[in-house]
Amino acid sequence: MSVFEQFEQHEQVVYFSDSPSGLRAIIAIRSTTLGPALGGTRFYPYASEDAALEDVLRLSRGMTYKAAAARLDLGGGKAVILGDPHRVKSEELLRAYGRFVESLGGRYVTAEDVGTSRADMDVIRRETRFVAGVSPSLGGSGDPSPSTAYGVYLSMLACAEEVWHEHSLRGRRIAVQGVGKVGYNVVKYAVEDGGAQVVVADVDVDSVARVVRDFGVQTVPTEQIHAVDCDILAPCALGGVINADTIPQLRCRAIAGSANNQLQHPEHGKALAELGILYAPDFIANAGGLINVADELSGYAPERARASVEHVYRTLREVFTIAREDHVSTAEAADHYAESRLERISRLRRYWVPTPSDTRR
Ligand SMILES: NC(=O)c1ccc[n+]([C@@H]2O[C@H](COP(=O)([O-])OP(=O)(O)OC[C@H]3O[C@@H](n4cnc5c(N)ncnc54)[C@H](O)[C@@H]3O)[C@@H](O)[C@H]2O)c1
């Protein structure tokens, strides 16, 4: 396959290396149609360079759809640093990486992801302006997980509206798979604001003990959570949990959670629709964290960020309507929704508008 074929529809794919610090990184910019490409930096010991490239291209496509559907003025991109962060991460490596991000002139804005932390973003910021998710003392927005969880909770309300015509989760039974940073807060919203009955599972016994102590929820073994008889299943742990094995065992009426890539294959969205299970597409339901961090680019204002996260509810209602009217799955409707915004807004670029440097001449 030629290099260009491999890069599919990405605008730009950049490889960086800095031998003294051991940095080897790839930044993939899928689209800047709507604005600078914002996406996290994943630091991971990939089995090969091909595996790293495949991951960064896939993740940057996902960010493009997530930002477009969230109505942000942001494109989609992602970065990967190859290596084991526990072994090779250092100040000089992160600062070298920051300088490379800076060299792209703002076309790509980085943030935290698997293997990188807020403290790492603070280090990267010493070399580049184009980083979000830094510490609050540097103007950052803090941990995105509560905002992601708030978006998931609003997604559950949108599902309740669509399925039961009720704007409430009162008395609904909700099964949460994974009660880490996002799942814990999903349980909190569902119990305290929603009045729902919640059942949880997590491989980490301490995380389970914490939600039982704080919210008095029920628990089941991790291998049973997807098959619990419930109103809404909330995958908040891993991707690929909706697959050929689990679909026949599902006993929920709707699915709304934070995990990325919940459908193992796109056709599983259709399978859910055929079973009458309403699926809140992951990249819309889990956009709260991105919406919150994106607010930093305008000088972080918590109230404005929270109001923007509320778009998740309206967006999902629109996607459910498109799916109903066009007789497509909600997963397909979500893709169409994002693609249509990209296409409509790109048409605006045909108008020339003066920039400050043009008017100064
Ligand atoms: N943190 C965010 O703001 C954010 C934003 C968008 C998407 N997501 C996605 O949401 C998911 C959760 O993110 P997080 O930040 O809460 O991560 P986390 O690591 O804090 O929590 C994940 C939890 O899932 C548990 N888990 C792992 N395997 C499991 C299994 N087989 N069964 C049950 N539980 C299992 C872990 O023990 C952990 O407690 C991830 O898929 C992440 O990519 C997170």
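Helix 6 and helix 13 cross in a right-handed manner, meaning that the near helix is turned clockwise from the far one by less than a right angle. Helices here are DSSP runs of H or I with at least four residues, numbered from the N terminus. This is a predicted model, in which local features need pLDDT of at least 70 and side-chain atom pairs count only at pLDDT 80 or more, while totals for chains, interfaces and linings use all residues. Residues are numbered from 1 along each chain as its sequence is written, and side-chain values use heavy atoms, with hydrogens and water left out.

Let's stay with this pair for a moment. The axes of helix 6 and helix 13 (residues 311-326) lie 8 Å apart, at an angle of about 40°; axes are lines fitted to C-alpha atoms over the stretch in contact, and angles run from 0 to 180 degrees between N-to-C directions.

Now follow helix 6 (145-164) to the ligand: helix 6 and helix 7 (181-193) are the elements that give two or more residues to the shell around the ligand. In total, 21 residues surround the ligand, and the closest include Lys 181 and Ser 258; a residue counts if one of its heavy atoms lies within 4 Å.

Polar contacts (pairs of N or O atoms within 3.5 Å) come next. A polar side-chain atom of Thr 148 is 2.7 Å from a ligand oxygen, and a side-chain N or O atom of Asp 202 is 2.6 Å from a ligand oxygen. For Val 182, a polar backbone atom lies 2.8 Å from an oxygen of the ligand.

Conventions: Polar contact = N/O pair within 3.5 Å; in protein donor to acceptor, adjacent residues only side chain to side chain.
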